[in-house]
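Student: I have the sequence and the model open. Let us go through the terms and see what backs each one.

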Amino acid sequence: MSRQIPQDELNKKKSYRFKQWMKGEVDQYVGIMEMQRQEEVGTSENEVKKHKKDQEKLFADIYDKEHNWVYKAFFRFYKLAAVVCCIALIVMLVVTVSYLPPVGNPDNPAHNEVVEKYIEDGMQDTGAVNIVAGMILDYRAFDTFGESNVLFIATVVVMLLMRDDKKKKGEDSADMNYEPGFDKILQQVTFILFPLIMIFGIYVVVNGHLSPGGGFSGGAIMGAGLILYLNAFGVEKISRFFTENTHKYICFAALSFYCLAKSYSFFTGANHLESIISTGVPGMIVSAGLIFPLNICVGLVVACTMYSFYTLFRKGGY
Amino acid sequence: MAFVQNVPFFSIMISMFAGIVSSILPAKAARRLNIVATTLIGAMSAWLLVFMLQSDMGYYTYMMGHFPAPWGNEIRAGVLEALMALIFCIVMVLSLMGGLHKLDEEVEPSKENLYYILVDLLLGSLLALIYTNDIFTAYVFVEINTLAACGLIAIRQIGRTFEAAVRYMIMSLLGSGLLLMGICMLYDMTGHLLMSNMKESIAMIMEEGTYAVPMLVTIGLIVVGLAIKSALFPFHAWLPDAYGYSTVSSAAMLSSLVSKGYIFLLVKIFYRVIGLEYIAGSQVLNIIFWFAICGMIFGSMNAIWEKDIRRMIAFSSVAQIGYIYMGFGLGTEAGMIASVFHMLMHSATKSLLFISAIGLTDASGYKRDFFEVTGAGYRNKIAGAGFLVGSVSMVGVPMFAGFVSKLLFAEAAMADPSWRMFPAIIVLSISTILNAVYFLKTVLRIYTPMPAEEERAKGYVRIPWKQNKVYAAAIILFIVLNVVLGCNSKPIIMMIEEGLRNFM
């Protein structure tokens, strides 16, 4: 025989709350989920009037297409010219492509001794089972160094545009607390998925020289995992292990390791000196010389870049 | 291999590494690191230049890694590359020094170290563009260059620079896209990315006559892509705002280095990828020639109409870029030499003009209007002297760099066997007169005394040179560089000649 339990205890029970929610009696999230309320933008009457007047004057003086025939003609011509230029470019490129060698033809100029050596000697030369990893991180490592610097400089430029340095000082910092950080479904799903995503990302990065994948793809997976975590648990939780400084130092460490290690490799290669880096046994996890650590560096840079893009565009800071 | 031959590799890596380290440094340390690194690279380039002049090997290739060229990456150095790197380093250091006081004013203090990251990476990418022997490496560093340039414009956070940066980014990415398409098509036709191998395959293709249409389109795409990025006449719409409103160091670097990096890449592609004889025979050259001729006239006309002196100097760049492309458009050896010399002259002079113009506007209550700078040459003597030298050099007065390049252009045009001689000569003289109109009228304006009571009423102050010694030093060194290029042009022209011969 079931025992009657007091109302307080019943309220705490998950099954009871679930029933309530099903019946529509109670919204579980009322009072828990906080959102920042939009404030009305400065609306003194004079300002509105002045703004309107300015805009009218601007349109009357400059963009008056009714009477200013130069602008009228120009805008028409502009649209027409844009369309004509685009169509001309498309037609030109399509015609050109039809003259190029057909895709997949074995006699194409691109199938020459360069590709042949990559495929035949790739594993022996670089120690990487994954030919692509051997190509981008050993044969043409200088290009990939440039590529990871593109990511680095992209972060720098976004940072200088979007980072809101004034926020840290002012009272706006409370803004961090107003976010939908208590979504139970998202949190539970993230609780399960986040470790899996991170482990999968690490696997893709670490196995870059053995299987398809590598720093760029694995880093993207890890970055996506971090973004998911941020959305589920909010800034406060993620800043326990990932802040702006973490990002700064990870990027610095990864890129300077890449720069110095590869400099050593370039220098010894060009001067025909003996290098201490061996290719190891192909197929082992620690093998392929510098490819293994460089993949990790690239992965870290890509993950940090993705995550910092997200936070910078979202709130202008970490 | 002599140790000095490692210089290109060290220069690229040092500048990139300086950028990476700057990300964790405070602004002051990052600035010092940048100046030290750039000076060091300049000194090393000078060492390499001396070595290349003394040895008789002409050029050499340098393996980036353990794998030889078509498989691994490769860079290549010769007299011309070393000379370019040297001048770029000098101009970069001086531009930065001349604009330091404005950087403190115009850049948010918490973001100042980001500026030095951008400058370091910009130098690294320019050096890579100069030294690379692989066209895909060139593309990767073109990307870095574009992003760095966008950042340099946007670091001064006011409305107009944002607009200018967005416009620059759109135009520049369009240029990158066209360049990338051109590179892809070249790869499809030749199967190579290394410049020397590409040239062999292209010579074969041209002989056999296969791929005539795609080759023409490819040359067009590459030329137009790089022309957009370096602001050739009809594609120059992004230029005046980008140069006119960004902080002064950025304006000087953008006008004198960034656009020159792309033009140098184009020279490399002409010589080392496609071959000058095929370029000269193609119709693309005619188009360049006419665009350049129009640019020389319209750029100068716009500069005459412009009331804002920073924007006036920016419009003058359109005309000067036109000169450079006109030299290419002639399609002869002499035209190329004149263009390369003009690149050096323009980077030395345009940055001097930007740096000294900022001194003149500072002495005129930060107003940039043409009439407000009346008498500014007396209020800020060192900036006035800099502007005077820059102007007479641009107009082409003997003793200064501009005279030599104009003379070279005139000689090249006279020696041209084709119909291009007449338009080139006529437009050269017209453009010179127009140059004189807007530069000399500004010089007269800054040396027209303003009545003392009016100066006082407007609150204009005299700025003695001792107030900012770094700025004065930068201007004096720029003047010296100009005079050296002008009075000592013979050896430099010989170096350019030898360098271009080795490009073949």
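Student: How many of the 504 residues of chain B count as buried?

Tutor: Of those 504 residues, 62% count as buried. A residue is buried if 20 or more other C-beta atoms lie within 10 Å of its own, exposed if 12 or fewer, and partly exposed in between, with C-beta atoms placed from the backbone. A word on the source: this is a predicted model, in which local features need pLDDT of at least 70, side-chain atom pairs count only at pLDDT 80 or more, and totals for chains, interfaces and linings use all residues. Residues are numbered from 1 along each chain as its sequence is written, while chains are lettered from A and ligands numbered from 1 in the order in which they are written.

Student: What share of chain A is buried?

Tutor: Buried residues are 27% of the 318 in chain A. Chain A has twelve helices and zero strands. Helices (H or I, at least four residues) and strands (E, at least two) are DSSP runs, numbered from the N terminus.

Student: Why is chain B called as compact as a globular protein of its length?

Tutor: Set the value against the rule. The radius of gyration is taken over C-alpha atoms, and the globule rule is 2.2 Å times the number of residues to the power 0.38. For 504 residues the rule gives 23 Å; chain B has 22 Å, which is close, so the description holds. The C-alpha trace spans about 75 × 55 × 45 Å along its principal axes. Chain B holds 21 helices and two strands.

Student: What makes I41(B) buried?

Tutor: I41(B) has 26 other C-beta atoms within 10 Å. The cut-off is 20 or more, so I41(B) is buried. I41(B) is in helix α2 (residues 27-54) of chain B. Leaving out residues up to four places away in sequence, I41(B) touches S11(B), I14(B), S15(B) and C89(B). Contact requires C-beta atoms, placed from the backbone, within 7 Å.

Student: Why is Y366(B) called exposed?

Tutor: Y366(B) has 10 C-beta neighbours inside 10 Å. The limit is 12 or fewer, so Y366(B) counts as exposed. Y366(B) lies in the loop between α14 (333-362) and α15 (376-379) of chain B. Its phi is near 60°, a positive value in a residue other than glycine.

Student: Is A231(B) buried or exposed?

Tutor: A231(B) is buried, with 32 other C-beta atoms within 10 Å. A231(B) is in the loop between α8 and α9 of chain B. Phi of A231(B) is near 65°, again positive in a residue other than glycine.

Student: Where is chain B divided into domains?

Tutor: Domain 1 is 1-273 and domain 2 is 283-504, with bounds from an automatic or database domain assignment. Their centres, taken over C-alpha atoms, are 22 Å apart. The contact takes 42 residues from domain 1 of chain B and 47 residues from domain 2 of chain B.

Student: What do chains A and B bring to their contact?

Tutor: 42 residues of chain A are in contact with 51 residues of chain B. α7(A) gives the most to the chain A side, with 14 residues. That side divides into 26 nonpolar, nine polar and seven charged residues. Ala, Val, Leu, Ile, Met, Phe, Trp, Tyr, Cys and Pro count as nonpolar, Asp, Glu, Lys and Arg as charged, and the others, Gly among them, as polar.

Terms used. Contact = placed C-beta atoms within 7 Å.
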